[in-house]
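Morning, everyone. Please have the sequence and the structure open while I talk.

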Amino acid sequence: MKSLVILVISLTCVALASLQERQEVFQTFKNQHAKTYASSEEEALRFKIFQENLQIIENHNRLFEAGLATYQMGVTTFADYSKEEFQALLKRQSKGKPLYHKTKSFQPPLNQGDLPTAVDWRDVGAVSRVKNQGSCGSCWAFSVTGTLESFYYLSYKEKVEFSEQQLIDCDKSNNACNGGDESPAMEYFMKNGIETEETYPYVGKKEVCKYKKSDVKAALENYIAIDAGDEYTLLMVTGQLGPTSIALDASELQHYTSGIFTGTTCSQISTNHAVLTVGYDHDKATDMDYWIVKNSWGENWGESGYFRIRRGTNECAIAMDSVYPSFVLQPNGTIEEN
């Protein structure tokens with residue numbers, strides 16, 4: 001049998017032959033992700049779940065090595081979560097398009113003939129750093145600030161990080177760390193303006209609203225919702241205009257580490273996690289089109305905080321709920337009066 005010592009260094013799952021080896025991997029996992037537990041009983045439970053997840057990862061990676069899967073699994077920060085606990089983290093809530101959505105006052109033109117064959121907005125500096133939402137179910141807020149940060153940079157060539165905490169504390173149309181929807185969050189920013197991470201930093205829990213009109217960095221004129229399931233328009237927006245706020249069913253992403261994700265049990269209709277498309281391309285090895293997606297689970301998850309997912313099949317409902325801002329993101333702009 002091949003030596004199994006390298007798994008402690010790489011945390012890439014191979015056969016775990018002994019309890020001692022599993023304990024060593026668990027200790028490395030705890031150190032890497034700063035995991036602490038309230039009691040020895042909880043630690044024993046977490047170790048049990050961790051071992052079960054290692055078996056899932058190992059079984060999947062055998063398929064990958066045999067050419068029967070297009071992505072790899074590994075030990076992520078969620079390796080001590082049960083499937084049910086991971087599902088509970090995915091709190092993005094779809095409320096449908098709000099009745100008070102404004103008429104599209106300005107929509108940048110989309111031209112099929114101008115669509116690039118591949119795009120990665122990171123290459124031109126138009127994507128802000130990967131952030132970490134922590135245990136707060138605030139993915140919806142990170143998805144919205146992500147697209148606003150990118151469009152602001154593309155408009156003014158200024159890097160700025162907008163405040164998720166402002167939405168968590170002040171946007172009453174959403175449910176803070178218990179989930180939310182991107183369209184109402186856009187509506188909130190249209191009415192109140194957008195503060196920065198610097199003036200309104202992230203704490204990862206709901207607090208009293210500290211919004212200050214004097215600290216507003218930009219005013220959002222409008223946002224545009226893409227029709228549900230229209231993946232081609234999502235492609236044109238991402239390819240021609242910029243990174244786009246999207247949602248998907250992320251139920252199977254718990255152990256994702258690299259490659260092009262393809263779901264087996266995820267929904268084609270329902271979504272539970274909001275993220276950001278930052279580009280797309282084609283993979284010659286698998287002959288597969290894919291999206292490049294920015295997540296909000298920190299840089300240590302996935303491909304340095306990103307993942308790739310199959311494009312063109314509405315994979316895991318990725319095209320069911322997409323929004324992006326109009327180009328008019330006014331610096332220190334006029335905020336409409338309620």
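I will go from the overall picture to one helix pair, and then to the salt bridges.

First, a reminder: this is a predicted model. The protein has 338 residues, and 54% of them are buried. Its secondary structure comes to eight helices and 11 strands. Now the contacts. Take those between residues at least 6 apart in sequence: 75% of them join residues at least 24 apart.

Next, the helix pair. Two packed helices are described by the angle between their axes and the distance between the axes. Helix H2 covers residues 19–32, and helix H3 covers residues 40–65. They pack at an angle of about 105°, with axes 11 Å apart. Angles of 65 to 115 degrees count as roughly perpendicular, so H2 and H3 fall in that class. Who meets whom? From H2 come Leu19, Arg22, Gln23, Val25, Phe26, Phe29 and Lys30. From H3 come Glu43, Arg46, Phe47, Phe50 and Gln51. The residues of this contact divide into six nonpolar, two polar and four charged.

Keep Arg46 in mind; we need it again for the salt bridges. Side chains of opposite charge can pair when their charged atoms come close. The structure holds 15 salt bridges. I will show three of them.

Start with Arg46 and Glu85. Their closest N and O atoms are 2.7 Å apart. Arg46 sits in helix H3 and Glu85 in helix H4, residues 83–89, so the pair links parts of the chain 39 residues apart. Buried or exposed, what is Arg46? Arg46 is buried, at a relative accessible area of 12%. Glu85 is partly exposed, at 31%.

Second, Glu197 and Lys131, at 3.1 Å from N to O. Both ends lie in loops. Glu197 is in the loop between helix H7 and strand S3, Lys131 in the loop between strand S2 and helix H5. They are 66 residues apart. Glu197 counts as buried at 12% relative accessibility. Lys131 also counts as buried, at 6%.

Third, Arg311 and Asp289, at 3.6 Å from N to O. Arg311 is in the loop between strands S9 and S10, and Asp289 is in strand S8. The separation is 22 residues. Arg311 is buried, with a relative accessible area of 14%. Asp289 counts as partly exposed, at 31%.

That is my tour. Over to you.

How values were computed:
Residues are numbered from 1 along each chain as its sequence is written. This is a predicted model: local features need pLDDT of at least 70, side-chain atom pairs count only at pLDDT 80 or more; totals for chains, interfaces and linings use all residues. Side-chain values use heavy atoms; hydrogens and water are left out. Axes are lines fitted to C-alpha atoms, for helices over the stretch in contact, and angles run from 0 to 180 degrees between N-to-C directions. Helices (H or I, at least four residues) and strands (E, at least two) are DSSP runs, numbered from the N terminus. Angles under 35 degrees count as roughly parallel, over 145 as roughly antiparallel, 65 to 115 as roughly perpendicular and the rest as oblique. Contact means heavy atoms within 4.5 Å. Ala, Val, Leu, Ile, Met, Phe, Trp, Tyr, Cys and Pro count as nonpolar, Asp, Glu, Lys and Arg as charged, and the others, Gly among them, as polar. Buried means under 20% relative accessible area, exposed over 50%, partly exposed in between (1.4 Å probe, protein chains only). A salt bridge is a side-chain nitrogen of Lys or Arg within 4 Å of a carboxyl oxygen of Asp or Glu.
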